[in-house]
Amino acid sequence: RSSKLCKVEAAHNYHSSHGVIKSFVYIDDISRGEERVKVSLENGRNAGDLPIFFYIPNNLVYKNAYVKFSLARISHEDCCSHCFGDCLTSPVPCVCAAETGSQFAYTPGGFVKEKFLEECISLKREPKQDHYLYCRNCPLQRSKNEKSSVPCKGHLLRKFIKECWSKCWCNKKCGNRIVQQSITVKLQVFLTPEGKGWGLRTLEDLPPGAFVCEYVGEILTNTELLERNVGSPGNKNTRYQVLLDAGWGSKGVLKDEEVLCLDATVYGNVARFINHRCSDATLVEIPVEVETPDHHYYHIALFTTRKVDAMEELTWDYGIDFHDRDHDSGHPMKPFHCLCGSPFCRGRSDMKGDVRLLTYFRRRRKV
């Protein structure tokens, strides 16, 4: 995998006897060749219109995060050491399917299976009390006060996908290596007409369960993220930070180097342009385990929740509680003025309950 950093610059400044001259550069691929397919920019826009950031196709450790990719950490029992070719064609699912109930999460066509996708969407949109894990000593509360006794607010339980990796005997084109193949659909960054800023849309029709992209950024510890945010107060709405908290409540007290987050503010990929939409977003995040045998580090893979038409905006529910007034909770996502336009927008003052939302999605499943 490439670790080359590509910088999308706002403009190139040239000094001459006439002063500073700005030369705006038109580009047809904001990834600068880092992705398998070009990520285009809306016609009429140029590199000077975009925010400055370094384009990276894979997550990179900032400093102290414990993310160790090694063959020794993955036992022979945790990989398919007897497979050849494509694991999905085997009459008996290999051990990599154990995470998903001994059945692969993907279809031979490369999409998330309907039942598994519906379960992931339901966990996101209709979480119940037993869908949350609670830390004995929550890192978010601990970051505020070393002796804090404030109880954990809970971390949503996720359904994981385990993909085959380098220690497996299947080939690189195995059907259980979808996220590792990176972006394969045509995407375009555009300026939204609703005042939401930049957004991302698909240039082709996408079926339900299609992999769009991974959320990529710097891997930081929770302490590093807190220090970074305190040191750079700025506009909190221009930060692109996500917690990797799917496994936090399943273990004992986590060390700081095991409490991980992703920050795509300065180093990131095209996913940083995906806007938030409450409840009925076109994308859902699914944690995907590849190189590590535990859940403290994983990939955030974004899949379509339904059929998405060409030129339709791709959106993702960030999971923000717009009524949470604990601004010092340590969580990187802070409430903001939501412009998602969803009829189920949680930022609206008249959305006091979830009755309309649950009725809507239950009706959709019956159609």
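**Loops, aromatic contacts and cavities of the predicted model**

Ser102 is located in the loop between strand 6 and helix 1, where helices (H or I, at least four residues) and strands (E, at least two) are DSSP runs, numbered from the N terminus. The structure is a predicted model, in which local features need pLDDT of at least 70 and side-chain atom pairs count only at pLDDT 80 or more, whereas totals for chains, interfaces and linings use all residues. Residues are numbered from 1 along each chain as its sequence is written, and side-chain values use heavy atoms, with hydrogens and water left out.

Ser102 has a phi near 60°, a positive value in a residue other than glycine. With a relative accessible area of 42%, Ser102 is partly exposed; buried denotes under 20% relative accessible area, exposed over 50%, and partly exposed the range in between (1.4 Å probe, protein chains only). The loop between strand 6 and helix 1 also contains Val67, which counts as buried at 16% relative accessibility. Val67 and Glu291 are 224 residues apart in sequence, and their C-alpha atoms are 9.3 Å apart in space.

Positive phi is found again at Arg32, which is not a glycine and has a value of about 55°. Arg32 belongs to the loop between strand 3 (19-23) and strand 4 (39-41) and is partly exposed, at 35% relative accessibility. Asp29 is likewise placed in the loop between strand 3 and strand 4, but Asp29 is buried, with a relative accessible area of 8%. A separation of 10.0 Å is found between the C-alpha atoms of Asp29 and Leu187, which are 158 residues apart along the chain.

Aromatic contacts were examined next. Rings of Phe, Tyr and Trp (its six-membered ring) are taken to pair if their centres lie within 6.5 Å, and planes under 30 degrees apart count as stacked, over 60 as edge-to-face and the rest as tilted. By this rule there are 10 aromatic pairs. Phe69 is partly exposed, at 42% relative accessibility, whereas Tyr297 is buried, at 2%. One aromatic cluster is formed by Phe53, Tyr55 and Phe273.

Charged groups also meet aromatic rings. A charge sits over a ring if NZ of Lys or CZ of Arg is within 6 Å of the ring centre and within 35 degrees of the ring normal. The charged end of Arg228 sits over the ring of Tyr62, at 4.7 Å from the ring centre.

Helix 1 comprises 12 residues and extends 16 Å from its first C-alpha to its last, close to the 16 Å expected at 1.5 Å a residue; the expected span is 1.5 Å times one less than the number of residues. Buried residues of helix 1 include Phe116, Leu117, Cys120, Ile121 and Leu123.

Three cavities of 30 Å³ or more are present in the structure. On a 1 Å grid over the protein atoms alone, a cavity is a set of points where a 1.4 Å probe fits but cannot get out, and lining residues have an atom within 4 Å of a point. Grid points are joined across faces, edges and corners, and a volume is the space filled by probe spheres set on the points. The largest cavity has a volume of about 60 Å³, and its lining includes Ile121, Lys124, Arg125, Leu283, Val284, Glu285 and Trp316. Helix 1 and strand 17 each contribute at least two residues to this lining, which consists of five nonpolar, two polar and four charged residues. In this division, Ala, Val, Leu, Ile, Met, Phe, Trp, Tyr, Cys and Pro count as nonpolar, Asp, Glu, Lys and Arg as charged, and the others, Gly among them, as polar.

The second largest cavity holds about 50 Å³ of space. Cys120, Leu123, Leu157, Arg158 and Ile286 are among the residues that line the second largest cavity. Helix 1 and strand 17 each supply at least two residues of this lining, and strand 17 gives the most, with four residues. The lining of the second largest cavity comprises six nonpolar, no polar and three charged residues.

Note on methods
1 Å grid on protein atoms, 1.4 Å probe; cavity = no way out; pocket = protein on both sides within 12 Å on 5 of 7 lines; lining within 4 Å.
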